[in-house]
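I opened my notebook to look up a few things in this structure, one entry at a time. Come along and check each one with me.

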Amino acid sequence: MSENNLNNQAAASAATSQVESNTSCAACGCNAPDLPWSGRGTDLPIVGCRFSLYPMSDNFIDLILGSLEKTDTSCVWSESDALSTVYRGRLEYVADAVKALFINAYRDGVHMAIEGQFSKGCPGDVSGDSKLDEVGEAPNKAVVAEKHFPVKCKFALYPMGCGDYISHIADVWRMAEDRGLQPTTIHYATRLTGDVHDIFDYLKDVCEKMDTAVSHYIIHFTMNCNSPTEE
């Protein structure tokens, strides 16, 4: 096949995808002109994660601020307020920074939790407040690679703008099963158990999978370690 034919085929595919996306938006009404976010939206590959860290310790302030300082956020746009922190940019770097922050805050025997959500494709998103030009290996990968501890996680996947959302949820459940993460269906979520790296890497891979399947997705997760709860 000639280069021109390949380019034409790619352009046709992109046009088809845009039509399908527009049709989906028209069907669900997410871009209706009377909505509070009317006129927003972005075609840029921005992934965001908003999260809150909860160390159950008297020196929780030092643990939170120390972890924020130790985590390299040079490849993401970040902002913290009284409720949470948000990282925005390319998925590889956002996922790297969130995982590193949790691992950097870890202390033996200290019960700690993180609650957050990954999101991409929200019709109310904007093109600003992001970093997308970074290249190379994720900056925290080597720093936290050797630190391992078990975690429990519950998560819920929301594939938006598609009628077959259940099949996507089932697919990622099976993906967790294939990786030995012991997925269990609980009320309103799926529960996972495994090493901190395996769980965070799985969440990142679910984001990647959804990126090619739907125009907008959300993953809500809660993860903890050293829980005193007996089961």
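**Entry 1: a pair of strands.** I started with Phe-155, which stands opposite Thr-190 in β7. I kept in mind that this is a predicted model. Next I looked up the pairing of strand β5 (residues 150-160) with strand β7 (residues 189-195), and found it antiparallel, over six bridges.

**Entry 2: the whole sheet.** In what order do the eight strands of the open sheet lie? I read off β2-β3-β1-β4-β8-β5-β7-β6, with antiparallel pairing. At the edges stand β2 (77-80) and β6, each with a single partner strand, so one side of each has no neighbour in the sheet. I also noted the twist, which averages 20° from one strand to the next.

**Entry 3: helices on the sheet.** Which strands does α3 lie across? I listed β1 (47-55), β3 (85-89), β4, β5 and β8 (216-225), and α3 runs at about 5° to β1. Then I turned to α6, which packs on the sheet and touches β4, β5, β7 and β8. The direction of α6 makes about 175° with that of β8.

**Entry 4: salt bridges.** I found a count of eight salt bridges, and I looked up three of them.

- Lys-99 bridges to Asp-201, with the closest N and O atoms 3.0 Å apart. This pair links distant parts of the chain, since Lys-99 is in helix α3 (residues 91-105) and Asp-201 is in helix α6 (residues 196-211), 102 residues apart. Lys-99 counts as buried, at 12% relative accessibility, while Asp-201 is partly exposed at 31%.
- Lys-120 forms a salt bridge with Asp-211, and here the closest N and O atoms are 2.6 Å apart. Lys-120 lies in strand β4 (residues 112-120) and Asp-211 in helix α6, 91 residues apart. Buried or exposed? Lys-120 is buried, because its relative accessible area of 16% is under 20%. Asp-211 is partly exposed, with 39%.
- Arg-179 pairs with Asp-205 in a salt bridge, the closest N and O atoms being 2.7 Å apart. Arg-179 is in the loop between α5 (165-178) and β6 (184-186), and Asp-205 is in helix α6, 26 residues away. I noted Arg-179 as partly exposed, at 39% relative accessibility.

Entry 5: Where is Asp-125? I found Asp-125 in the loop between β4 and α4 (141-144). Asp-125 is buried, with a relative accessible area of 14%. The side chain of Asp-125 makes a polar contact with the side chain of Arg-88, at 2.9 Å.

Notes. Residues are numbered from 1 along each chain as its sequence is written. This is a predicted model: local features need pLDDT of at least 70, side-chain atom pairs count only at pLDDT 80 or more; totals for chains, interfaces and linings use all residues. Side-chain values use heavy atoms; hydrogens and water are left out. A salt bridge is a side-chain nitrogen of Lys or Arg within 4 Å of a carboxyl oxygen of Asp or Glu. Helices (H or I, at least four residues) and strands (E, at least two) are DSSP runs, numbered from the N terminus. Buried means under 20% relative accessible area, exposed over 50%, partly exposed in between (1.4 Å probe, protein chains only). A polar contact is a pair of N or O atoms within 3.5 Å; within protein, one must be able to donate a hydrogen and the other to accept it, and residues adjacent in sequence count only if both atoms are side-chain atoms. Two strands pair if DSSP finds at least two bridges between them. Axes are lines fitted to C-alpha atoms, for helices over the stretch in contact, and angles run from 0 to 180 degrees between N-to-C directions. Contact means heavy atoms within 4.5 Å.
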